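Please read this note with the model open beside you. Each point takes one topic.

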Amino acid sequence: ARVSVRGALGVQSANGERVKVQGWIRSIRSQKEVLFLHVNDGSSLESLQVVADSSFDSRELAFGSSVEVQGQLVKSPSKKQNVELKAEKIEVVGSCDAKAFPFKYKERHPLEYLRQYPHLRCRTNVLGSVLRVRSEATAAIHSFFKDSGFVHIHTPVITSNDCEGAGELFQVEPSSKIKVPEENFFNIPVFLTVSGQLHLEVMSGAFTQVFTFGPTFRAENSQSRRHLAEFYMVEAEISFLESLQDLMQVMESLFKTTAMTVLSNCPKDVELCHKFLAPGQKDRLEHMLKNNFLIISYTEAVEILKQASQNFTFTPEWGADLHTEHEKYLVKHCGDIPVFVINYPLVLKPFYMRDNEDGPQHTVAAVDLLVPGVGELFGGSLREERYHLLEQRLARLGLTEAYQWYLDLRRFGSVPHGGFGMGFERYLQCILGIDNIKDVIPFPRFTHSCLL
Ligand code: 4AD
Ligand code: MG
């Protein structure tokens, strides 16, 4: 029977069962009488040890080649593994020219080097672990929402609106080879979505609690360690929500519950990342998971920053955006515990955020979660559900006509509601301690780079 490497390694007491294993050679070692191969198929971090007698023709058995091995699963004499495969037949499926292969046996290549080979780096231990964690985290996030009674919504990738109003849009047009009867395929300019929020708001008006988890796109001209042009966002929208506190509870619980699931479902993959890429990260993560997240207002945050303004390139000032250096300082100041910053100036935030109507220092019910090592991980808010206030905001921005449908949501059975978006790659960076966002997504897209 064909078994995965994970399946084979999971056999508790191997008794010579005949199996077939397929995978790629991760290491090869030949002694006088025996040949040891390690075969990995991506099902786990560990490889299966294959033992063959040296009469096997090993010329084609190179590091990186794909093989099919048939033999008997037996108890291993070594303490390193439970089980090994005593080979009866080894077939090279695809050979590998070791000289041309960009990865060398027994060498630990830096992440920057691996990044040049998005088509091959998934075969290394470290990217293998990261991408298995990514898959596990995706499942954990879906379970979290399902268990909390949220309905999953597929929000569109192509849209005509700019949810965040920041103008960081990729415009979508058919290729010039396509003959469209009119001059424009959709009749109006359309873009890749920057956020599914507005569509989720529509759906929260019917299903009460909804979420989406898909790709979002931003034409951000940034080479930073935490920005991509295409990234995945986890977004939730909740109707009948009474306060920012209630929203923050969901955010904190999403982070903690799913992180614990990931830690218990793939401990070895997480450990590998922590050990080789981020010493000390295990403790930092535990510290985040066992403490209650903190809450400070934007106004308090600016006061804290002003006390330390000699440390910054950008002078902290009420009414200005927080820079990365400010976010980092705030998290340190909070003892490396994630901190919610709430109630930002109205002028800094998009049109949909709920007005706090609090006088001259005019704020909205916004919330960002800042986390160690990454900075902003979540952005969210209560939404303006009051028709007349929303209408005034939209009118001032000249958006009334385009957002008639959005105003309708406030005309027909409006409810207090709110939601958030969590950058999925930043979440993985925060859990694994990975410095560069390009290393937690299979195929990174950023300014001047779209390999494959
Ligand atoms: O703070 P943002 O812009 O919020 C929104 O888009 C809201 N409409 C979400 C909502 O309320 N439904 O983005 C949310 C998160 C950020 O906190 C950050 O983690 C991540 O998305 N993010 C990026 N991640 C990688 N690359 C980029 N260019 C990102 N821009 C935002
Ligand atoms: Mg934000």
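1. **Ground rules.** This is a predicted model, in which local features need pLDDT of at least 70, side-chain atom pairs count only at pLDDT 80 or more, and totals for chains, interfaces and linings use all residues. Residues are numbered from 1 along each chain as its sequence is written, chains are lettered from A and ligands numbered from 1 in the order in which they are written, and side-chain values use heavy atoms, with hydrogens and water left out.

2. **The whole chain.** The protein chain has 12 helices and 16 strands. These are DSSP runs numbered from the N terminus: helices are H or I with at least four residues, strands are E with at least two. Along the principal axes, the C-alpha atoms fill a box of roughly 85 × 60 × 40 Å. Of the 452 residues, 49% count as buried. Buried means under 20% relative accessible area, exposed over 50%, and partly exposed in between, with a 1.4 Å probe and protein chains only.

3. **Strand S1 and its partners.** Start with strand S1 (residues 15–30). Strand S4 (residues 66–75) runs antiparallel to S1, and 9 bridges join the two. Two strands pair if DSSP finds at least two bridges between them. Find Trp24: Ser66 in S4 stands opposite. S1 also runs antiparallel to strand S2 (residues 34–40), with 6 bridges. There, Arg29 faces Phe36 of S2. The link from S1 to S2 is a hairpin of 3 residues.

4. **Strand S10.** Is strand S10 mostly covered or mostly open? S10 (residues 209–217) is mostly covered, with 7 of its 9 residues buried. Strand S6 (residues 151–152) pairs with S10 in the parallel sense, over 2 bridges. His152 has Phe211 in S10 as its bridge partner. Strand S11 (residues 230–239) is antiparallel to S10, and 9 bridges join them. Pro215 is opposite Tyr232 in S11.

5. **Aromatic pairs.** How many aromatic pairs does the structure hold? The count is 26. Rings of Phe, Tyr and Trp (its six-membered ring) pair if their centres lie within 6.5 Å; planes under 30 degrees apart count as stacked, over 60 as edge-to-face, and the rest as tilted. Phe103 and Tyr117 make an edge-to-face pair, 5.8 Å centre to centre with 90° between the planes. Phe103 sits in the loop between strand S5 (83–94) and helix H2 (111–114), and Tyr117 in the loop between H2 and helix H3 (125–147), so their pair ties together parts 14 residues apart in sequence. Phe103 is buried, at 4% relative accessibility.

6. **A second pair.** Why do Phe378 and Phe420 count as edge-to-face? Their planes stand at 65° and their centres 5.4 Å apart, so the pair is edge-to-face. Phe378 belongs to strand S15 (residues 375–382) and Phe420 to strand S16 (residues 417–423), so this pair ties together parts 42 residues apart in sequence. Phe378 has a relative accessible area of 0% and is buried. Phe420 is buried too, at 2%.

7. **A cluster, and charges over rings.** One aromatic cluster is made of Phe213, Tyr232, Phe255, Phe293, Phe340, Phe424 and Tyr427. Arg134 lies over the face of Tyr232, 5.3 Å from the ring centre. A charge sits over a ring if NZ of Lys or CZ of Arg is within 6 Å of the ring centre and within 35 degrees of the ring normal. Lys349 lies over the face of Tyr344, at 4.3 Å from the ring centre.

8. **A loop histidine.** His109 is in the loop between S5 and H2. His109 counts as buried, at 14% relative accessibility. Its side chain reaches the backbone nitrogen of Lys104 at 3.0 Å. A polar contact is a pair of N or O atoms within 3.5 Å; within protein, one must be able to donate a hydrogen and the other to accept it, and residues adjacent in sequence count only if both atoms are side-chain atoms.

9. **Ligand 1.** There are 24 residues around ligand 1, and Glu164, Gln197, Glu220, Glu235 and Glu376 come nearest. Near means that one heavy atom of the residue lies within 4 Å. A polar side-chain atom of Ser195 is 3.0 Å from a nitrogen atom of ligand 1. An N or O atom in the side chain of Arg218 is 2.8 Å from an oxygen atom of ligand 1. A polar backbone atom of Phe420 lies 3.3 Å from a nitrogen atom of ligand 1. On its own, ligand 1 has 630 Å² of accessible area, and the protein covers 94% of it. Accessible areas come from the Shrake-Rupley method with a 1.4 Å probe; for residues, only the protein chains shown count as cover.
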